[in-house]
Number of protein chains: 2
Amino acid sequence: MRVLVALGGNALLRRGQRPDADLQQDNVCLAAASLAELAREHELIITHGNGPQVGILALESASDPNLTRPYPFDTLGAQTQGMIGYWMLQALQNALPGRQVIAMINQTLVSAVDPAFDDPTKFVGQVYDRAEAERLAAENGWTVKPDGPHWRRVVPSPHPQRVVETRLIRGLIRQGVVVVCAGGGGIPVIRNEKGRLQGIEAVIDKDLTGSMLAEALECDAFLVLTDVPRVMRDFGTPGQREIRHTTPHELRGLDFPAGSMGPKVEAACRFVETTGDMAAIGRLDQARQILEGTAGTIVTPGATWPLASTL
Amino acid sequence: MRVLVALGGNALLRRGQRPDADLQQDNVCLAAASLAELAREHELIITHGNGPQVGILALESASDPNLTRPYPFDTLGAQTQGMIGYWMLQALQNALPGRQVIAMINQTLVSAVDPAFDDPTKFVGQVYDRAEAERLAAENGWTVKPDGPHWRRVVPSPHPQRVVETRLIRGLIRQGVVVVCAGGGGIPVIRNEKGRLQGIEAVIDKDLTGSMLAEALECDAFLVLTDVPRVMRDFGTPGQREIRHTTPHELRGLDFPAGSMGPKVEAACRFVETTGDMAAIGRLDQARQILEGTAGTIVTPGATWPLASTL
């Protein structure tokens, strides 16, 4: 099978953990052990989040006295692709001796007229009081919005259209290479009025990029791996229960938190609706079992999907 | 021909220029115009320096209150590969429509018993007074040395042995892909006692990595592109004059500054001595003319090399 895995940011940096390089590398090594199990039996493409990491580099850049302007989000995203890509590359090479692994820099094309540009919604960077936020907004051309009692910068989160280097990724997979790509959802770029690629200040949801890329690469399965074992129905209520097997139709009838499970569910539904193939959401350390249908929440077009008997 | 270009760090960030992202990207676009000329006629592999960029990220990391320890140089080098790789990737894609370009994350293997580890010599990061330098050294396990009137951290600069992903690079070139790789000389790694790849605190000379990689890829030419038109004999004296065509034997009889022209000359000599093919040092915007033998300093095994008649 050809399998695309989207790895949550918390697989790299646990909640509350300091973002030191060695701690993150230890986490990446654990992740690589699970991913290597998949790679031994399947063609494997890995994407990963970068939320905490890009936030840290953005803060560092904003307080760097050598810079006239902080680095924009396309450049910061590229830095995290290099850093996390290196950690993943090395960990996978160590876990898969004799196997070729590549970590690539990737851009994700979005539409210059995506409605997200008119209404930025994604909070990034630190919190300010209102006066300071508005001063910084005027100075740097930011959009700022209230986030609870504080104010923060918001950037657009446009819809991913295509990973620019998709053809190269497909060629590498066909040669048996394990591909780490499109980190952080890919570096956001548009085609400008001259038809040239150009970075933009935006962040792209990594699960939506993963879903779109899995579709473009004609993957047989799209796995969203995180730190929860299954999607929960009625999460947080006394009647909450795990969903083992479901369909996009059923999932779309339920409510999920916008910031966490929502985008994962949306990404899984889109892949299944578009391709008729299997998506799943579950724990990173159960990757193999999820693919076998014995762990995680499996999403298929209907209840009669081949694996359903085992669920 | 198969050509490997090693691009000086000052092609990306001019002396005295602020390290803002947009200024560096403008420089990269100029560089890409020259490189695209080569890519239209030849197989092209591009490596680049990262000295100023890694210095900036190291300072940012050292003053980040969220970190227990600053990021080590392998991780910082990976960040610069992502950032500069992205800029080069986009600029080359725009300059070469219809052509495939890749920017990869690469590690460069060095020997764990390289003598450089016993005597670190490469200054990195900011300057301190002696007391502060020694306090930081004790706290972080650094080696510090006097640099003029100040003290600075030094890290080892071991000899590059192999780019870990060389086989992948060769496969991509054969498919006609323009490859941006081994940025900053490659992320420094050793094989540890368990045989696993492991990052180390070191910096690798990008020209030496370029020379070694050009040899491993069996390139026909190795070009060191910078901002001076030719290597000078007796540089800085009234009798200084440009060298148009020379041999490793002749070059090794001359003296060059250790910090700037020295490593470029050494890298060029090694490539020519090992392969019998052509190396050259010259201006980035004359890349095509250098390859034709009408600009730059051309280094060949002997004076009878085919192009010599045109020099």
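**Entry 1: how the two chains meet**

I began with a term I needed: two residues are in contact when they have heavy atoms within 4.5 Å of each other. I also noted for myself that this is a predicted model. With that in hand, I looked up the interface. I found that 100% of the interface residues of chain A are also interface residues in chain B, so the copies meet through the same surface.

Chain A can be laid on chain B with an RMSD of 0.0 Å, using a turn of 180 degrees and a shift of 0.0 Å along the axis. The two copies are therefore related as by a two-fold rotation axis.

**Entry 2: the nonpolar cores**

Which residues touch the most other members of the largest nonpolar core? I found Leu223(A) and Leu223(B), in a core of 113 residues. Helix α3 (residues 73-95) of chain A gives this core its largest share, 12 residues. I also noted another core lying apart from it, with 72 residues, among them Ala6(A), Cys181(A), Ala214(A) and Ile173(B). A reminder to myself: in soluble globular proteins, nonpolar side chains tend to be buried together.

I then listed the partners of Leu223(A), leaving aside its neighbours within four places in sequence.

**Entry 3: the cavity**

How many cavities of 30 Å³ or more does the structure hold? I found one. The largest cavity has a volume of about 40 Å³. I wrote down its lining from chain B: His48(B), Gln81(B), Gly85(B), Ala103(B), Met104(B), Val180(B), Cys181(B), Ala182(B) and Gly183(B). Sorted by class, this lining has five nonpolar residues, four polar ones and no charged ones.

Is Asp207(A) buried or exposed? I looked it up and found a relative accessible area of 3%. The cut-off for buried is under 20%, so Asp207(A) counts as buried. Asp207(A) sits in helix α6 (residues 206-216) of chain A. Not counting residues up to four places away in sequence, Asp207(A) touches Ala6(A), Phe222(A), Val224(A), Pro263(A), Lys264(A) and Ala267(A).

I turned to Arg170(A), which has its place in helix α5 (residues 166-174) of chain A. With residues up to four places away in sequence left out, Arg170(A) touches Arg2(A), Ala216(A) and Leu217(A). I also looked up a distance: the C-alpha atoms of Arg170(A) and Val124(A) are separated by 32 Å, and the two residues are 46 residues apart along the chain.

**Entry 4: two aspartates of chain B**

I found Asp147(B) in strand β6 (residues 143-147) of chain B. Its relative accessibility is 25%, and Asp147(B) counts as partly exposed. Asp147(B) touches Phe123(B) and Arg152(B), not counting residues up to four places away in sequence. From Asp147(B) to Val101(B) I noted 41 Å in space, C-alpha to C-alpha, and 46 residues in sequence.

Where is Asp255(B) found? I located Asp255(B) in the loop between α7 (248-252) and α8 (261-275) of chain B. With 78% relative accessibility, Asp255(B) counts as exposed, since the cut-off for that is over 50%.

Conventions
Residues are numbered from 1 along each chain as its sequence is written. Chains are lettered from A and ligands numbered from 1 in the order in which they are written. This is a predicted model: local features need pLDDT of at least 70, side-chain atom pairs count only at pLDDT 80 or more; totals for chains, interfaces and linings use all residues. Side-chain values use heavy atoms; hydrogens and water are left out. On a 1 Å grid over the protein atoms alone, a cavity is a set of points where a 1.4 Å probe fits but cannot get out, and a pocket is an open set with protein on both sides within 12 Å along at least five of seven lines; lining residues have an atom within 4 Å of a point. Grid points are joined across faces, edges and corners, and a volume is the space filled by probe spheres set on the points. Ala, Val, Leu, Ile, Met, Phe, Trp, Tyr, Cys and Pro count as nonpolar, Asp, Glu, Lys and Arg as charged, and the others, Gly among them, as polar. Copies are superposed by least squares on the C-alpha atoms of residues with pLDDT of at least 70 in both. A nonpolar core is a set of buried Ala, Val, Leu, Ile, Met, Phe, Trp, Tyr and Cys residues joined through side-chain atoms within 4.5 Å. Buried means under 20% relative accessible area, exposed over 50%, partly exposed in between (1.4 Å probe, protein chains only). Helices (H or I, at least four residues) and strands (E, at least two) are DSSP runs, numbered from the N terminus.
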